[in-house]
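Hello,

Here is the structure I promised to pass on to you. Please have a look at it first, and then read my notes below.

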Amino acid sequence: MKTLVLRDGRTLAYTDVGDLHGYPLIFGHGMPGCRLQGQFFHNQALRHGFRVLAPDRPGIGGSGDQQGRHLLDYPKDIEQLADSLGLETFSHFGWSSGGSRTLACCYALSERVELGVCLSGYTNFSEYDSRQTLREGANWPIPWLARYSPGLVKLSVRLIARLSRRHPRLYMREAKKLVNQSDHDLLNLLLRGDTFQQDQMVCMESGGKAIATDLLTELKDWGFRLNQVPTPILIYQGEDDAFVPVDYARHLAEQLPNAELTLLPATGHLYPLAEDFQDKLFTNIRRRLANKTDVRSPLPS
């Protein structure tokens with residue numbers, strides 16, 4: 001774990017993996033999750049010549065809390081991280097709850113973020129009017145609850161976090177029941193190692209308040225509209241995702257000015273952690289960056 005002291009005195013913790021001299025990709029972790037998710041990308045990032053930086057968001061893992069924050073506070077932290085590392089430009093990719101953070105950076109730091117990638121991320125619900133689809137993500141009803149009772153979200157997440165800390169095996173067992181078959185098989189593979197469970201438990205140890213705050217930050221108005229995001233965006237979405245309905249990805253693709261949507265058949269929510277997908281993802285990122293005429297950071301050879 002590496003750390004940076006931000007201008008307001010908070011600590012920003014992050015992992016730094018892949019090719020340390022490669023083109024920089026900043027990763028927004030999912031929720032529940034933390035900076036440790038960046039480690040899953042190490043092998044393929046190293047192979048493709050990418051450096052992956054994965055920060056803990058405020059209150060999660062090793063990063064200090066930030067009271068009263070909004071989604072657009074996230075790019076300010078990322079800007080300071082990039083400045084500290086001497087990164088003039090970079091790209092940002094995010095999984096699940098990290099998708100909204102990707103789009104926030106592509107809006108607020110558009111002069112520095114050369115490409116954005118959303119992997120099964122949420123849309124801006126302030127621009128999205130479909131209560132039925134909110135309910136369709138029945139295995140993760142937090143977006144629906146947030147619309148009607150943020151207080152109930154906080155209470156629910158606190159209870160989940162407390163039970164998960166006390167009974168981690170039960171947490172993992174219940175997680176397997178919520179996913180489709182492809183996710184189930186991948187989860188079994190991930191649990192042969194320690195990183196996935198460590199990632200989840202570091203997040204849970206951060207406490208229900210921190211987790212709920214992180215979730216609610218992206219479930220209220222983002223402070224910008226999707227059609228104001230100028231950066232090219234790649235959107236990936238599993239068609240059998242039990243947590244994020246396909247309609248969210250379609251909405252993003254319709255509203256963003258420069259977006260490419262890839263739907264993945266017979267695929268759930270955990271696919272970004274699979275190295276075969278990462279190989280295809282990094283190949284596509286390299287291709288897209290190579291086709292841009294204004295990329296300023298050195299690309300992988």
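Let me start with the side chains of Asp214 and Arg101, which meet in a salt bridge with an N to O distance of 3.4 Å. Asp214 belongs to helix α10 (residues 208-219) and Arg101 to helix α3 (residues 97-108), so this pair ties together parts that lie 113 residues apart in sequence. Please keep in mind that this is a predicted model.

Are the two partners buried or exposed? Asp214 counts as buried because its relative accessibility is 0%, where the cut-off for buried is under 20%. Arg101 is buried as well, with a relative accessible area of 2%.

Arg101 also forms a salt bridge with Glu218, and here the closest N and O atoms are 3.7 Å apart. Glu218 sits in helix α10 and Arg101 in helix α3, so this pair ties together parts that are 117 residues apart in sequence. Both Glu218 and Arg101 are buried. Through shared partners, salt bridges join Arg57, Asp65, Arg69, Arg101, Asp214 and Glu218 into one network.

The count of salt bridges comes to 16. One of them is between the side chains of Asp73 and Lys76, at 3.5 Å from N to O. Asp73 counts as buried, because its relative accessibility is 15%, whereas Lys76, at 47%, counts as partly exposed.

**Around strand β2**

The other part I looked at is strand β2 (residues 11-18), which is mostly covered, with 7 of its 8 residues buried. Which strands does β2 pair with? Strand β1 (residues 2-5) runs antiparallel to β2 and is joined to it by 4 bridges. In this pairing, Thr3 has Ala13 of β2 as its bridge partner. β1 and β2 form a hairpin with 5 residues between them, and Gly9 in the turn has a positive phi of about 95 degrees. Strand β4 (residues 50-55) is also antiparallel to β2, with 5 bridges joining the two. There, Thr15 stands opposite Ala54 in β4.

**The whole chain**

Finally, some overall numbers. The protein has 12 helices and 8 strands, and 56% of its 301 residues are buried. Its accessible surface comes to about 12,700 Å², with 49% of that belonging to carbon and sulfur atoms. Of the contacts between residues at least 6 apart in sequence, 78% join residues at least 24 apart.

Best wishes

Conventions
Residues numbered from 1 in each chain as written. Predicted model: local features only at pLDDT ≥ 70, side-chain atom pairs only at ≥ 80, totals over all residues. Heavy atoms only, no water. Buried < 20%, exposed > 50% of the residue type's maximum accessible area, 1.4 Å probe, protein only. Pairing = 2+ DSSP bridges. Contact = heavy atoms within 4.5 Å. Areas by Shrake-Rupley, 256 points an atom, 1.4 Å probe, with all protein chains shown as cover. Salt bridge = Lys/Arg side-chain N within 4 Å of Asp/Glu carboxyl O.
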